[in-house]
Amino acid sequence: MKFHFSDVEIESRYIYRLMNNLNAISIRNLIIENERAKFSIDYTDAESLKEILKNLNIRVVKWEDKGIYTRLVNFAVVKIIVGIFMIFILLMMVNSLFLWNITVEGNYSYSDNQIVSFVQKQNIKEGIIKNKINCDDLEKEIRKKFDDISWVCAEIKGTNLIVHIKENYITEISTQEKEPYNLVANNDATIISILVRKGKAMVKAGDKVKKGDILISGIVEVNDESGQKLFNSYCNSDGDIVGETVYDYSDTLKNKYNQKINNTEKTLYLPSIFNYQWLKPDKKENRDITCTETKIKLFGEFYLPISIQKYTLRSYDIKQMEYTKQEADDILNGRLLDKLAIMEQKGYKIIQKDVKIKKDGDSYVMEGKITCHEPLGKVSYIDINEIEEGTTEINERN
């Protein structure tokens, strides 16, 4: 009763008729004076009492809600807080309709910026309505642009677009793709081994293939008992193919270089909305401005159009330096090892590397060949309509 109750006042001449019809409703603190009957009821009985009063045609002189609950909801501060909370919920609902972040996962040789920049060129930018994003089309465009990315899966979680990529062929492809396809060669290679799980093998171990040649066909002919073709069956090709590939390797390092010697450094942290950049790179000599951004998110993948930007301002002097032979060797060999490490992460097995470093004018040059065994197999979609039309024409001529 103390938390939420109602004080009711009616004419006293009706009180006995009311009490005879209360049923399970309890009244408390009944006072009769000055031809008025005053009493209290629990808030859970309010609607039932109003219905009884209406049926008995008893006029309510006064009805007042009381208790801790009533005091709370009548406080201006509480109303403001509730109002702010409702506005916040509304803003979150509107915010959830838009894309506010792009994440890349599974990349080795390609940086996040490279993939994100390409995605943005497909008119998929932060702030776009999520309903305008076609993940299937985006996956196909990424595979067309980047030859050594065999599998792509784009998905939207919360307000985040996540682009999963694999830079070597794996069996996950067949479970993710919907359209039938062939597996074609990523590069010119000699086939070392081929294991077909689905589709028809078009090459065998020892065959030399060119980039784009079909390795496993997704078109399988279905014949009758006499061997006569009945129709084509289409599937998602699947298998493990390994090829031996020889890559030409070349890397150049200028003999002389400019070294920056820092003078002063200043760091600023600034809030940003809708990716607004407060400080932009200027053309002042011997000054750098770098910016890193941390997106704000509430939970999971629910990002907001709000971020904290860290600006680093550096002033420096430039001193011209020259690499020694040993320094040049260390740098070029380090780059080569990084390249080989990325290839191994993608499933390549390095068989032989034959590279040498030489001085060529004002540069050090590392050149040679790298032989490796690599997984082959890139998705190439099958145009079923074109194939069926061609088959129909042949049959008509026959």
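Visitor: Leaving aside its neighbours within four places in sequence, which residues is Asn-160 in contact with?

Guide: In this predicted model, Asn-160 is in contact with Leu-99, Asn-101, Ile-102, Thr-103, Glu-155, Glu-301 and Tyr-303, once neighbours within four places in sequence are set aside. Asn-160 itself is found in strand S7, which covers residues 160-166.

Visitor: What does Ile-149 contact, leaving aside its neighbours within four places in sequence?

Guide: With those neighbours left aside, Ile-149 is in contact with Tyr-110, Ile-115, Ile-142, Arg-143, Ile-165, Lys-166 and Glu-167. Two of these partners, Ile-115 and Ile-142, are listed with Ile-149 among the residues that have the most contacts inside the core.

Visitor: How many residues has the other core, which lies apart from the largest one?

Guide: That other core has 16 residues, among them Ile-15, Ala-46, Ile-52 and Leu-53.

Visitor: Turning to charged side chains, how many salt bridges does the structure hold, and which parts does the pair Arg-36 and Glu-9 tie together?

Guide: The structure holds 19 salt bridges, and in one of them the side chains of Arg-36 and Glu-9 meet at 3.6 Å, N to O. Arg-36 lies in strand S3 (residues 36-42) and Glu-9 in strand S1 (residues 5-11), so this pair ties together parts that are 27 residues apart in sequence. Arg-36 counts as partly exposed at 27% relative accessibility, whereas Glu-9 counts as buried at 14%.

Visitor: Where do Asp-288 and Lys-260 lie?

Guide: The side chains of Asp-288 and Lys-260 meet in a salt bridge of 2.8 Å, N to O. The pair links distant parts of the chain, with Asp-288 in strand S17 (residues 287-299) and Lys-260 in strand S16 (residues 256-273), 28 residues apart. Asp-288 is partly exposed at 23% relative accessibility, and Lys-260 is likewise partly exposed, at 45%.

Visitor: How far apart are the closest N and O atoms in the salt bridge of Lys-358 with Glu-367?

Guide: Those atoms are 3.8 Å apart. Lys-358 counts as partly exposed at 46% relative accessibility, and Glu-367 is partly exposed with a relative accessible area of 39%. Elsewhere, salt bridges that share partners join Glu-11, Arg-13 and Arg-59 into one network.

Visitor: On backbone geometry, what is the phi of Asn-123, and where is Asn-275 placed?

Guide: Asn-123 has a positive phi of about 65 degrees although it is not a glycine; its place is in the loop between H5 and H6, and at 61% relative accessibility it counts as exposed. Asn-275, also not a glycine, has a positive phi of about 60 degrees. Asn-275 is placed in the loop between S16 and S17 and counts as partly exposed at 34% relative accessibility.

Visitor: What radius of gyration does the chain have, and where in the chain is confidence lowest?

Guide: The chain has a radius of gyration of 37 Å, while a compact globule of 398 residues would have one near 21 Å. The C-alpha atoms fill a box of roughly 115 × 85 × 35 Å along the principal axes, and the chain contains nine helices and 21 strands. Confidence is lowest in helix H7 (residues 173-176), at a mean of 52, and highest in strand S11 (residues 208-209), at 95; the chain averages a pLDDT of 85.

Conventions:
Residues numbered from 1 in each chain as written. Predicted model: local features only at pLDDT ≥ 70, side-chain atom pairs only at ≥ 80, totals over all residues. Heavy atoms only, no water. Helix = DSSP H or I, 4+ residues; strand = E, 2+ residues; numbered from the N terminus. Contact = heavy atoms within 4.5 Å. Salt bridge = Lys/Arg side-chain N within 4 Å of Asp/Glu carboxyl O. Buried < 20%, exposed > 50% of the residue type's maximum accessible area, 1.4 Å probe, protein only. Core = buried A, V, L, I, M, F, W, Y, C linked by side-chain atoms within 4.5 Å. pLDDT = per-residue confidence, 0-100. Rg over C-alpha atoms; globule rule 2.2 N^0.38 Å.
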